[in-house]
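Hello,

I am handing over the structure we spoke about. Please look through it first; the notes on what was found follow below.

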Amino acid sequence: MTIIDINPSTDVQVFTADGTWTKPAGAKSVHVVMIGGGGGGGSGRRGAAASVRCGGGGAAGGGIGQHTFPASILGATESVVAGTGGAGGAAVSVNDTDGNNGTIGEDSSFGNWLLAGGGDFGDGGTATAGGGGTAITGWPDITAALTLGNGGAASGTGGVGTGGTPNTMAAGGAGAGGGVTSGDSASAGGAGGLTGLASAAAGYAGYGTSIAGGGGGAAGVAGSNGGASPASSPVAGSGAGGGGGATAAAGGAGGTGGDYGAGGGGGGAAANGNNSGAGGTGGDGIVIATTYF
């Protein structure tokens, strides 16, 4: 936990790991904003020549929640969970085997008062698909129309992975891994979705700019990591790029989602005799509690 003194009338406690919030003396109200952990990307399929081998799906970004509470209703302490990013699906090392699913991101929470869901995982690649994770739809107290940070789906024909969804405030979705076509042509991974910093970031460094998503890997190359937001800010990171598929080498691994809460990239497909690309890990979440006196 980090305590930041912005001015004498506030107390800011920042959690990038699990901890305990302590209510300051004289507190009047407490504003809490949080981002859930991003999901982990799926790994690609490993399969025979002249067959379709799909990359792993990109994972979704974590949800965002915020609310202002009267300090009087909160306990003297409250348990805080800063959701960790989900693990990516492991690379496939057995011939003619589908990819492994990633893991859903951990929820972030503040006592029993507020929760932001973790991002959905990306599916492992098969001979026909590799579905991307679907982002959750609810943000307490945020009324603006937001684009959800969905993960990209793998091409059903072994083509280029679909990019993750860009957004205005939610954590970025990740790109899917590239596949290998039935004609044995290896494809690139999809790019991660960028994040455009929105109103919740007012007063923080980088406000009003965008955080670029990770680039998709070329054939056999790992996807790039998603961009991280300013440290200790209530700003979501961008999605990771998917790894490229390969025919004569291992598939590229998916990139890691940017902190805070972005999705991990899907891994690239591979031919028998070579490992497929592993899925990327999701970005960790954050919880920030600002007390007013």
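Which side chain of opposite charge is nearest to E78, and how many Å away is it? The model is predicted, so to speak for its limits: local features need pLDDT of at least 70, side-chain atom pairs count only at pLDDT 80 or more, and totals for chains, interfaces and linings use all residues. Residues are numbered from 1 along each chain as its sequence is written, and side-chain values use heavy atoms, without hydrogens and water.

The nearest one is K23, 7.3 Å away. For charge, Lys and Arg count as positive and Asp and Glu as negative, with His and the chain ends not counted.

E78 sits in strand 7, residues 77–81 (strands are DSSP runs of E, at least two residues, numbered from the N terminus). Its side chain makes a polar contact with that of W113 at 3.0 Å (N or O atoms within 3.5 Å, one able to donate a hydrogen and the other to accept it). Leaving out residues up to four places away in sequence, E78 touches residues including W21, F110 and W113 (heavy atoms within 4.5 Å).

W21, F69, F110 and W113 form one aromatic cluster. W21 counts as buried because its relative accessibility is 0%, and F110 is likewise buried at 0%.

Regards

Definitions and conventions: Buried < 20%, exposed > 50% of the residue type's maximum accessible area, 1.4 Å probe, protein only. Phe/Tyr/Trp six-rings, centres within 6.5 Å; stacked < 30°, edge-to-face > 60°. Helix = DSSP H or I, 4+ residues; strand = E, 2+ residues; numbered from the N terminus. Salt bridge = Lys/Arg side-chain N within 4 Å of Asp/Glu carboxyl O.
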